[in-house]
Structures are given as C-alpha cells and as structure tokens.
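I opened this model to go through it piece by piece and to write down what I looked up along the way. The entries below keep the order in which I worked.

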Amino acid sequence: MSESLKAAYNALLRSGYQLSPDAFQLLKEIKEPELLVSNLLKQLESLEKKPLIIERSHLEPLLRIGAPAPAPAPSKPSLTHSIEVISGSDGQYIEGTIHDFRRYFLDRFNRLKDMLKSRADMRDAVTPSTIPEVNKHTRVKVIGMISSKKEFKNGGAIIELEDDLDTIRASFRGDELKKKVSRAMLDEVVCVFGTTSNGKSVFAEDIVWPDITPKVRSPAARRNVYAVLTSDLHIGSKLFMRQQFESFLKWLRGENFGVQQKEIVDNIRYLIIAGDVVDGVGVYPNQEEELLIKDLNKQYEEAANYLSMVPEHIKIIIIPGNHDASRPTLPSPPIYRDFAAPLYSLKNVIMLGDPSVVKIEDTTFLLTHGKSLDDVIPALPDCNFKEPQKAMVELLKSRHLAPTYGEKTALAPEPRDSLIIDPVPDVFHAGHVHVWGISEYRGVLAVNSGTWQGQTKYQLSMGIEPAPGIVPLINLANFKVITLNFI
Ligand code: D5M
Ligand code: FE
Ligand code: ZN
C-alpha cells in the first residue's frame with residue numbers, strides 16, 4: 001500500500017466510514033487517494049444523513065476531470081431558463097454623513113427587532129429606552145444593538161445594548177452563558193432574556209439571535225438542472241490557474257467530461273460567479289509584481305475571452321468582489337460597464353450587485369462576495385479560514401451579511417439596509433476566502449466556491465492556504481451538491 005493510500009484509508013476509518021471493495025480498488029488506481037478522500041470527507045460534512053459505507057459512486061464525481069467518457073445515449077434537455085432578480089444594489093450615491101449613518105443603523109435595528117419580535121416568546125420584548133423603571137427584581141426581555149462587549153478571565157462577560165435613545169448593560173455569568181455570548185459581534189441585534197432590579201442593567205439568563213427558522217425548501221426545480229458555483233478567478237494575476245480554468249471551461253463545453261458526467265454537463269444551465277473576476281489594479285501594496293496583465297480594461301477583456309467559451313445555453317451571473325471595478329463599500333453595484341464592456345457584450349451574461357437575491361427555477365440564491373468574512377472569522381471562537389462555510393452559517397444566524405461596522409468591511413449607509421438577510425434563501429453563495437466549503441443549516445445550503453488563484457505572497461505571509469480548482473455544483477431538483485476537482 002502506498003503512503004497516500006494508507007493515509008486515505010486511515011482518514012476514512014478515523015471518521016467512522018467503511019470502504020467498499022470497489023471503492024478501495026478505485027483508490028488504489030488513482031494518483032492521489034489522500035487528496036480525494038480529504039475532499040470527500042469535506043463534502044460528507046454537509047450531508048445530514050451520512051453513508052456508513054463509502055461506495056465507488058461517492059468517489060467518482062470527485063475524480064480529476066478528464067477521464068475518458070463513456071458513450072451514453074444522447075439526450076436533448078430543454079434549453080430554457082428561469083431567472084428572476086428579487087433584489088440587488090444599483091449603488092446609489094450616498095454622502096455618508098452622520099445623519100445617513102444614523103438612519104442606516106436605525107433601519108437595521110428596527111427591521112431586525114421586528115424579526116425577533118415576530119417570535120412568540122419575544123412579542124413582549126422591550127428596548128433599552130423602553131425598559132420599565134422598577135425597584136424590585138423583574139423579568140425582562142431586551143432587544144438592542146450590541147455596542148460593546150467585555151469578556152473577563154474569571155468567567156463573566158458584559159455586553160452593552162443600545163437603541164437610538166438609551167443603553168443598558170447585560171452581564172453573563174457561568175461557563176455556558178459566557179460561551180454563548182462569546183459569539184456576539186458588535187452591531188448585531190440580539191434579545192437578552194434576564195432580570196433587572198433598576199431598569200439599567202440586566203442579569204442575563206439567555207441571549208438569542210434573529211436566526212432563521214428551520215425551513216422546508218421551496219419547491220425544487222421540476223427537472224434535473226445544475227447551477228455551477230464559482231468565484232475568485234483573479235484573471236490578470238500571475239497566479240491565475242489558467243490551465244485548470246481552461247480545463248473547467250472545456251468540461252462545461254462537454255469536451256472532457258469523465259465517468260458518469262454526461263448527464264450533468266448536458267443539464268448545466270447556470271454559472272454563478274461570486275466576485276473577484278479579475279485581480280484588479282492597486283488593490284494591495286506591490287500588487288504590480290504579481291500581475292500578468294497590468295491594465296484593468298485588459299483584464300476584463302481577457303475575462304470575457306475566457307467566458308465567451310462558456311456555451312450560450314449556460315447563463316452566467318456575475319457579481320463584483322473587492323478586486324473588481326465597483327464601489328468598495330457594500331452594497332456594491334454591478335461591475336462598472338466602463339471597465340468591463342466586453343463582459344457586458346456577452347449575450348449570456350447577467351451583471352448584478354453585491355449582495356443580490358435571485359430566484360433560479362424556484363430556488364432562491366443569496367449571492368455575495370463575502371468580504372465581511374475577513375471580520376467575522378477572526379471574531380468568532382469556532383470559525384477559521386479553512387472552513388468558511390461555518391462563518392457563513394453564523395451570518396445566517398445574525399441575519400446580516402456584515403454585522404460589524406468599522407472593521408475591514410466598508411458599508412455605504414443607504415436608507416434601507418440591504419445587507420439584512422431577508423428573505424431566507426435556499427442557497428447562500430459566497431467566495432472571497434479562496435477555500436471551498438459546503439454546509440447545511442436549517443434547510444439552507446451555505447456554499448463557498450473557492451478560487452482559481454494560487455497562493456499569493458501576501459496569503460503566504462498570513463498563513464492563508466487557498467484550495468483552488470474545486471467547483472461545487474447543485475442539482476436544483478434535489479439540492480444535491482457535487483464538487484468537481486480540476487487540479
Ligand atoms: O482575498 C483572498 C483571501 O486573502 C481572503 O481570505 C482575504 C485574504 N487577504 C488578501 N489580501 C488581504 C489583505 N490585504 N488584508 C487582509 N486579508 C487579505 P482577496 O479578496 O482575493 O484578496
Ligand atoms: Fe478573491
Ligand atoms: Zn475577495
């Protein structure tokens with residue numbers, strides 16, 4: 001047994017899976033069984049019902065693309081599409097005065113408060129300025145925006161909650177409550193349950209987030225139709241993985257699909273790109289050294305050259321990332337036409353803002369690049385840059401795409417906070433972290449779609465290890481996710 005095969009076998013056993021003889025045979029035949037198994041384990045994480053025995057059929061979809069295709073009977077799937085844009089930013093001009101910010105946060109507070117109050121146990125909740133004046137222990141439920149948080153070594157923690165007029169303090173004692181509140185992020189809207197004896201401070205007994213209620217997914221597509229999710233191409237960067245991306249494009253064209261993939265390739269109708277199409281210019285210090293194409297317009301020309309190879313029966317939805325030509329503050333309008341004219345001229349391309357909500361064949365997608373993950377991941381105790389899907393689930397609990405103001409994610413104070421997660425999507429798609437990951441939370445599929453860029457010097461210095469060339473795709477008829485490996 002090779003070292004890699006041994007490692008692969010042990011990894012499966014450690015995670016509690018058995019291997020069928022056929023699957024074992026397949027692992028024996030391939031070059032990198034360990035990589036394949038690690039990708040499989042990652043994919044299995046997102047399944048609610050996990051298999052006991054790993055069969056050959058679990059491994060095959062993850063195989064490197066390019067294996068000779070069998071010749072199945074040709075089918076003629078319908079080429080129709082169904083896309084409805086529910087919301088998306090047009091990037092209205094906002095000056096950003098104190099008044100604008102006040103109005104922005106008040107809109108966020110009121111709408112998230114209403115979400116919390118729509119739950120039966122919080123209907124009678126108050127806010128810091130409407131907490132009753134009392135002089136004996138009284139039970140209260142207070143909804144507020146978190147304005148500060150202090151955690152103490154001895155086990156306690158204090159957060160301050162505010163509304164537009166007043167502030168109260170809530171103290172948390174005991175390991176269990178401290179753990180719960182350690183997940184609180186500044187500017188989130190939460191409800192604290194507890195007691196007060198003065199109407200100014202609360203001894204907390206619980207804290208709850210707006211969260212999503214477990215949902216039964218909206219009616220799935222009536223046909224096997226696939227949406228391919230990707231992001232962070234970084235075209236123009238020396239580290240853009242041209243060959244691998246070309247092999248992906250060939251695959252989309254039905255030119256090099258492997259075993260059992262014809263049914264999939266024939267039924268792909270949507271390609272969603274969650275930002276960072278190009279590497280941009282002047283995005284970080286000394287970026288020129290890592291640029292192959294130093295002109296932004298030329299980068300988009302090259303991007304359009306690549307994407308023109310996507311068959312026209314596949315609609316391409318593109319939102320901007322922080323490397324694209326768009327407003328750097330969220331919400332961001334679609335990539336500017338002035339820079340990306342060649343993309344706009346592709347017939348099958350739809351350019352949208354970040355965030356956008358799109359209904360595709362009865363499946364609601366929430367699309368965002370995921371810039372705020374830079375803030376959320378370090379702030380949360382159980383999150384890391386290797387499993388971005390976990391932080392995405394936390395955003396669903398916050399019901400907000402960028403809860404904390406004043407960190408790395410810049411916000412434009414529009415009158416209505418479009419970063420609030422409403423409606424609850426079926427699929428929440430982001431990128432930015434350059435590592436793919438899939439998770440399911442209360443009926444919502446959270447997918448981070450990885451990257452096509454190798455490790456930059458900056459990422460090396462930060463210990464960020466990208467996982468490029470892996471592409472998740474979703475069958476909209478049954479929400480099954482398959483990940484394909486083009487490395
Ligand atoms: O971001 C790709 C990944 O690298 C993402 O996890 C953030 C991290 N990154 C990249 N540049 C920076 C800087 N300057 N500060 C902090 N984190 C960074 P991308 O948007 O593709 O550059
Ligand atoms: Fe990126
Ligand atoms: Zn990015």
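**Entry 1: the barrel**

I began with the sheets of this predicted model, and found a closed barrel of five strands that runs 4-5-6-8-7, with mixed pairing. Neighbouring strands of this sheet are turned against each other by 55° on average, when direction is ignored.

I then went through the pairings one at a time. Strand 4, residues 138-151, pairs with strand 5, residues 157-162, in the antiparallel sense over six bridges, and within that pair I noted K149 standing opposite I159. Strand 4 is also joined to strand 7 by eight bridges, and these two run antiparallel; here I143 is the residue opposite C191. Strand 7 in turn pairs with strand 8, again in the antiparallel sense, over five bridges, with F193 opposite D206. The hairpin of strand 7 and strand 8 has four residues between the strands, and I noted that G199 takes a positive phi near 75° there.

I also looked up what lies across these strands, and found helix 5, residues 98-117, which lies across strand 4, strand 5, strand 7 (189-196) and strand 8 (201-208) and runs at about 135° to strand 4.

How many residues of strand 7 are buried? I count eight of the eight, so strand 7 is largely enclosed by the rest of the structure. In a regular strand the side chains alternate between the two faces of the sheet, and I therefore checked the two sides separately.

I next followed two polar side chains. S148 lies in strand 4, and its side chain makes a polar contact with the side chain of E160 at 2.9 Å. Leaving aside neighbours within four places in sequence, I found S148 in contact with I158, I159, E160 and L186.

T404 has its place in the loop between helix 12 (388-398) and strand 15. Is T404 buried or exposed? Its relative accessible area is 12%, and T404 is buried because that value falls under the 20% limit. The side chain of T404 reaches the backbone oxygen of L186 at 3.0 Å, and, with neighbours within four places in sequence left aside, T404 is in contact with M185, L186 and D187. I also noted that T404 and S372, which are 32 residues apart in sequence, are 8.5 Å apart in space from C-alpha to C-alpha.

**Entry 2: the zinc site**

Which residues coordinate the zinc ion (ligand 3)? I found D276 (OD), N322 (OD1), H369 (NE2) and H432 (ND1), at 2.2 to 2.3 Å. Along the chain these donors follow the spacing D-x45-N-x46-H-x62-H. The zinc ion (ligand 3) and the iron ion (ligand 2) are 3.1 Å apart, and D276 coordinates both. H369 lies in the loop between strand 14 (363-367) and helix 11 (373-379), and H432 in the loop between strand 15 (427-430) and strand 16 (436-441), so the pair ties together parts that are 63 residues apart in sequence.

Both H369 and H432 are buried, and for H432 I noted a relative accessibility of 12%. The side chain of H432 also makes a polar contact with the side chain of N322, at 3.3 Å. With neighbours within four places in sequence left aside, H432 is in contact with S231, D232, D276, N322, H369, G370, K371 and D374; the other coordinating residues D276, N322 and H369 are among them.

Note on methods. Residues numbered from 1 in each chain as written. Chains lettered and ligands numbered in written order. Predicted model: local features only at pLDDT ≥ 70, side-chain atom pairs only at ≥ 80, totals over all residues. Heavy atoms only, no water. Donors = N, O, S within 2.8 Å, 3.2 Å for Na, K, Ca; no water. Buried < 20%, exposed > 50% of the residue type's maximum accessible area, 1.4 Å probe, protein only. Pairing = 2+ DSSP bridges. Axes fitted to C-alpha atoms, helices over the stretch in contact; angles between N-to-C directions. Contact = heavy atoms within 4.5 Å. Polar contact = N/O pair within 3.5 Å; in protein donor to acceptor, adjacent residues only side chain to side chain.
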